Amino acid sequence: MDTDKILVKQILNGKTELFTELVNRYYSKITSFIIKMNVNREDAKDISQDIFVKIYNNLYKYDERWQFSTWIFKVAINTLRDSKIKRFIRTQELGDYSAESKILSPEEHIENLYQREFIKKMFESLDDDLKAMLILKYYNELSFKEIGDIFKKSPESVKMKVIRARKKLCKTYGKKFEGGEFYEM
Amino acid sequence: MKCKYDEFFIQKYNDGDLSIEEKSEFEKHLSYCTECSNGISDDKALLSYLAEDKVTGEVPVTSIVSRIDLDKYKVNSREYKIKHFISRLKPSLKIAVPVIAFSLIFIVIASNPLLSKYLVDGAANLLNKGERVESQFVEEIGIEEVDNKTVELKDDNLVQKLNEYGMGVSPWEVSYADKDKVFFKNYASLVGYKDGHIYRVADLKALKADHVQGSVVSEFKFSPNGSHVAIGNFNAEDEYKSSIYMLNTDTGKYFIVGDGNYANITDSWSFDGRYYVFADKNAISGIRLFDTHMDKLYEITNPGVSIEKIFVTDEGGISFYTSGDVYFLSAKTYDVKKKSSVDFEPLFLEGKSKTAITLKDGNIEKHYIEKDKIEVKGFDLHEQKSVSTDENNVYIDNNRFVVFKVSDDIGIYDLKENSFTSLSPSKLPQDGFISSLRVSPDGEWVFFNEWSSINYFGKNDKGVLEGNYVYPSWMSDSKIVFINLCSWQGLETTVGDIMAGEFEIVTYDVISKEKSVIFNSVNKTDMQKMDGID
């Protein structure tokens, strides 16, 4: 049994303080997932907290035949959908990113920033389910089977959707930047 | 992409899914192919965007914990364990519940022959739509439904119209009744009573079916369930012809299903009222079959004989008698399945079991045509040689009961249920003919009607209902229904004085001896209000 499942069992047996361990394991993954779904950072943190409260209150409904990660992302996707319906969620602002590791020249930085914004815009144009599938695969590193379980689709069908979306995004991106259009903008 | 490698291959390369050989070969290719190199960069840029972390810093554990009840699974641990167990059962229940529900439905259907027959028929209708035309012996005939909107004339408006038309030469006659509905007619109108209301089923003048007496008489052949009625005219002259109508008694809409003289036509309904079959006795003409469920008319090839009596099963199988021979046609293809010579004239043919019912030498006999076996039923007269049964004094009532008189007994053979009842009458119709005996739906009672009384008798009881009650009918196993004209004072009443629209529908129970007015066209009675009919 994986450690997530052991933790859940212990919590249900009364060791509720161990829930903090689950929060520590998944908070960043869930919050990042929500931000990547084009939700403003502050709103994402609120939604993420809602998700963990929901996870705790419904922990007894968790079916051990599923991976815990699959279940938690399923809850996250449903909560995000509900939140989008129920309240106004602010989208990300331009330049809202934090991953920069190497030192760049001012020109490189501007070019890099512009390319990122273009990828972000392309990505945002996808429908929510496809966006979620790509994030779950390449950020959260879930298998096609786990993603299929979340969306009630076969692993093959998810794989096909993801590969096609990736191809389409690359093609659009390539046209923009290798076709010289970038420098004309 | 012009080179042999496409975007999917590039994705595999970036995902590390290529074999060593493939990878090595592709990397050689990359040294000169700018397109693939760019493709790899583009894909990597996308993956890098997707993979980058968005959240760093402290996890708000305290904030989350403050919003949850940490005692929840401590205090109620047992309760949530049970809930946890039940929630795990859910997927199994999703399968088990429909299986159990389906099994229960199946048991209910299987234990209810009527319901299962209804469902099987319904399914057969869907599956066999138009199947009857798949043979050279049967052809569908296009017919058009006519809607004269006669049923729109109802209640008070109908009363007014009936008064305008007048009564004609004969009072109301109940043509069909069951516990839910009554149909009665005079020369001009066929009227229906249902759910506390009356409506005009048919304008008989418009259908030219308004002949009550004289050289032409209109005949009404109601289906056993009362849903349809075949209407035609009877004339002693062979050449006479008129339309034969098939009318839906609920909607008043009708089809013309043929033409002919009812004097020359043999016909019958299936027991369940789905099929009506008829054929001209004289001409070597086709057999016609009307399916009331599908509203379709079929013409079936006559094998070249003069049909004297024709019958149809609930499945649409046809059988008929022609001088000395009985024929059984297949239910779907209508080719001759069985033909046998017989030394009797059957009263009835049952196509499914291929049996013939006949009265022979004073016995009701059941002949199994295929097995060449005879099962004798009914009165054996061999010890009463002095009494002979009058073969002309046998008739079939209501498409179902063979009624015959032997000695001092009335025999009733139920063709549908294959059961036999014997009644000892104290008094028979004055004319001596039993063809005026009407058998109750359960075959346990009969009545005959004279102008001033209704005489009824069963196995252990008898009675007379005095009054001017003409043309009654059975409404249920023990209830007789008749129409009481308010202005009718017996035979001495002048026709012109009768208000045809002013009548009561009255029932009389032969067991409880109770008489009730279930409908009054002029003033609603207390009885109706009590019954909640109106």
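Student: How many helices and strands does chain B have?

Tutor: Keep in mind that this is a predicted model. Chain B has nine helices and 33 strands.

Student: What share of the residues in chain B is buried?

Tutor: Of the 534 residues in chain B, 34% are buried.

Student: Which residues of helix α1 in chain B are buried?

Tutor: In α1(B), residues 7-15, they are E7(B), I10(B), Q11(B) and Y13(B).

Student: Why do you say that the buried residues of α1(B) line one face?

Tutor: Look down the axis of α1(B): its buried residues fall within an arc of 160 degrees, so they line one face of the helix. As background, an α-helix has 3.6 residues a turn, so residues three or four places apart point the same way. Just after α1(B) comes G16(B), with a positive phi of about 75 degrees.

Student: How many residues of chain B are in contact with chain A?

Tutor: 37 residues of chain B are in contact with 39 residues of chain A. A contact here calls for C-beta atoms within 7 Å. On the chain B side, α3(B) supplies the largest share, 10 residues. By class, that side has 17 nonpolar, eight polar and 12 charged residues.

Student: What makes β30 and β33 of chain B edge strands?

Tutor: Start with the order, β30-β31-β32-β33 in chain B, an open sheet with antiparallel pairing. β30(B) and β33(B) each have a single partner strand, so one side of each is left without a neighbour in the sheet.

Student: How do you know that β30(B) and β31(B) pair?

Tutor: Pairing takes at least two bridges, and β30(B) and β31(B) have two, in the antiparallel sense. That meets the cut-off, so they count as paired. Across from W474(B) stands I480(B) in β31(B).

Student: Which strands pair with β13 of chain B, and over how many bridges?

Tutor: β1(B) pairs with β13(B) over four bridges, antiparallel, and E140(B) has Y298(B) as its bridge partner. β12(B) is joined to β13(B) by five bridges, also antiparallel, with R288(B) partnered by E299(B).

Student: What lies between β12(B) and β13(B)?

Tutor: Four residues lie between these two strands, which form a hairpin. In the turn, D295(B) has a positive phi of about 55 degrees.

Notes. Residues numbered from 1 in each chain as written. Chains lettered and ligands numbered in written order. Predicted model: local features only at pLDDT ≥ 70, side-chain atom pairs only at ≥ 80, totals over all residues. Buried ≥ 20, exposed ≤ 12 C-beta atoms within 10 Å, placed from the backbone. Arc of directions from axis to C-beta. Contact = placed C-beta atoms within 7 Å. Nonpolar A, V, L, I, M, F, W, Y, C, P; charged D, E, K, R; others polar.
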